[in-house]
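Please keep the sequence and the structure at hand while reading.

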Amino acid sequence: MLNAETYITSQKGIGGEIRTINEDFYVEEIPETPPSGEGPNTWIWIEKNGRTTLDVVLDIARELKINRKQMGFAGMKDKRAITRQWICISNKTPEELQGLEDKLHHVKIINIVPNQKKLRMGQLIGNKFRLMVRDVGETEPAAQEATKILNELEKRGVPNYYGFQRFGKDRPNTHLVGKALIKGGVKDAVDHYIGHPYDTEPRHIQEARRLYDQGELEESLESMPSGMRYEKMMLRTLIKEKNKRNELVENSYIRALRSLPKPLSRMFVHAYQSYLFNRAVSERSKLGLDQYVEGDILIDNEEHLIHEFSREEINQEIKNFQAHPSSPLYGSKVPLAGGKLGEMEQKILDEQNLKLDDFEVPAMPKLGSHGIRRAMRFRIWDVAAEAMEEGVMLSFSIPKGCYATSVLREVMKKDVY
C-alpha cells in the first residue's frame, strides 16, 4: 500500500501471489436495496472481466446513444478481476436494452430489473471477495496461518489503508496530479497525467507521453492507443485550445481537466488525500487500533463525531465496532486530533509543506475538499481460508469504500495490488 508501513498482526504471513489471472480475484457488490421490479429506471446486474467500471459505463452510453450522466453505479470495481455490480440506466426500459450485451467487450449482463429509484455512488453495504493466493508452498499450513490472521482481523479490525487502485500500480501518480492541483499548478497537474512516462509502462506508451512532454500534442495523440481514453480526451481539448489561441494558457489546462468524467477528475485530490491518510493510519496503528488513545477523534458507523463518552464505555464500543478511532482525510475544514496525536497529524502536513486551506483548490474549487475524519480501521466478516491444489482461497466481506488489498497485505505480509 502506498505510504503505509505498519502491520497489526504478528504472524509471519503466507506470502504468495495474487491476480495471476483475473479469475483469481472475484468481487461481488452487496447492495443496500435490490431493485424492486417496477419503475422508470432500469438496473442491470453485470459481470465484467478486465474492465474498469467507468469504461463499461462509457461503452454502454455510447451504444445506447445517451449521455453518461444518465447512468449511475454504486462503486468503482477492480479492473484486473471478475466483478459483479449493478449499473442503473435512467428512463430506459428493459426492452430497449435487448442485444446490448453483444456490443460490449468482456461484459455479461446477468439480470435486467426495473426500479423506481436511480442508483447513486455509495449506495451499497459492501463487497464480497473470493481470492486465490498462489505460490504459497504447502497449502494446508498456509491456510491454517491465513485462518489465524483472518480471525484476529475479524476481532480487531483491519487498517483502513487505501489500496494501489487509488494511485495506479504501473503508474502510481494519481496522487501527484492531486498534489499539483492543491499546490495551484493546473498545468503541472495535466502534465503529470498525460506526460512524465514511467519505466514500468510499455515503451510505446512511454513514447506517447514523451511526445507530449516535448510539446508535440498532435503526434502524442496519434501515438496513444485506444486504451488511453482519458489522456486522449485531454489532448483533444488542448489541441483545440492551441489552434484557437495559438498558445496554451491556464484556462486551457482547466478546460482539459473539465473534459474528463467528473468521477475521474474528482479522484485526483482524493488520491492525494488518500496518500496522506495512509501515512496517518500507519502512524496511529502503532498505538493499537482497537482502543482509545488520548486525543483521538472518534466516529460512529455513520462517520458522525462522538463528542461525549467515558473511557471504559468507549473502549467496549470500539471492540464491538460501534465506534472507531479516526485519522484525517485532510481537507480545508477537517479537525485534527488533540495532544500528541494532533502533533503527529500536523507533522504529516508540515512534511509536505501544506496548510489545510490549500485543499480549497482555488483554480478549480469544485475539485477541492473540506476533508473528513475517516475510521482508521474497518470490520471484516464471513472470513474463511481453504487449502486448494493451486493455493489458498480466501473469502471475506468488507464495508463499502474499503480495500481487500488491506486484508491481503496482513495475510500475505507483503504489499499487493
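Which elements each supply at least two residues of the lining of the largest cavity? They are strand 9 (324-329) and helix 12 (339-351). The model is a predicted one.

**The cavity**

The structure has 1 cavity of 30 Å³ or more. The space in the largest cavity comes to about 30 Å³. Its lining consists of Arg-284, Asp-296, Ser-326, Ser-327, Ala-337, Leu-341, Met-344, Glu-345 and Arg-373. Helix 12 gives the largest share of that lining, 3 residues. By class, the lining of the largest cavity counts 3 nonpolar, 2 polar and 4 charged residues.

Two packed helices are described by the angle between their axes and the distance between the axes.

| Pair | Angle | Axes | Crossing |
|---|---|---|---|
| Helix 4 (residues 186-194) and helix 8 | roughly 50° | within 8 Å | left-handed |
| Helix 7 (residues 229-245) and helix 8 | about 150° | 8 Å apart | right-handed |

Take helix 4 with helix 8. Their axes cross at roughly 50°, so the two helices are oblique to each other. On the helix 4 side, the contact uses Val-186, Lys-187, Val-190 and Asp-191. On the helix 8 side, the partners are Glu-250, Tyr-253, Ile-254 and Leu-257. The residues of this contact of helix 4 with helix 8 are 5 nonpolar, no polar and 3 charged.

Now take helix 7 with helix 8. They pack at about 150°, which means helix 7 is roughly antiparallel to helix 8. From helix 7 come Met-234, Thr-237, Leu-238, Glu-241 and Arg-245. They meet Asn-251, Ser-252, Tyr-253, Arg-255, Ala-256 and Leu-257 in helix 8. The contact of helix 7 with helix 8 splits into 5 nonpolar, 3 polar and 3 charged residues.

Tyr-253 and Leu-257 take part in the contact with helix 4 and also in the contact with helix 7.

**The second largest pocket**

Leu-257 returns here, as one of the lining residues of the second largest pocket. The space in the second largest pocket is about 300 Å³. Its lining holds 5 nonpolar, 1 polar and 4 charged residues.

How values were computed
Residues numbered from 1 in each chain as written. Predicted model: local features only at pLDDT ≥ 70, side-chain atom pairs only at ≥ 80, totals over all residues. Heavy atoms only, no water. 1 Å grid on protein atoms, 1.4 Å probe; cavity = no way out; pocket = protein on both sides within 12 Å on 5 of 7 lines; lining within 4 Å. Points joined across faces, edges and corners; volume = space filled by probe spheres on them. Nonpolar A, V, L, I, M, F, W, Y, C, P; charged D, E, K, R; others polar. Axes fitted to C-alpha atoms, helices over the stretch in contact; angles between N-to-C directions. Helix = DSSP H or I, 4+ residues; strand = E, 2+ residues; numbered from the N terminus. Parallel < 35°, antiparallel > 145°, perpendicular 65-115°, else oblique. Left-handed = near helix turned anticlockwise from the far one by under 90°. Contact = heavy atoms within 4.5 Å.
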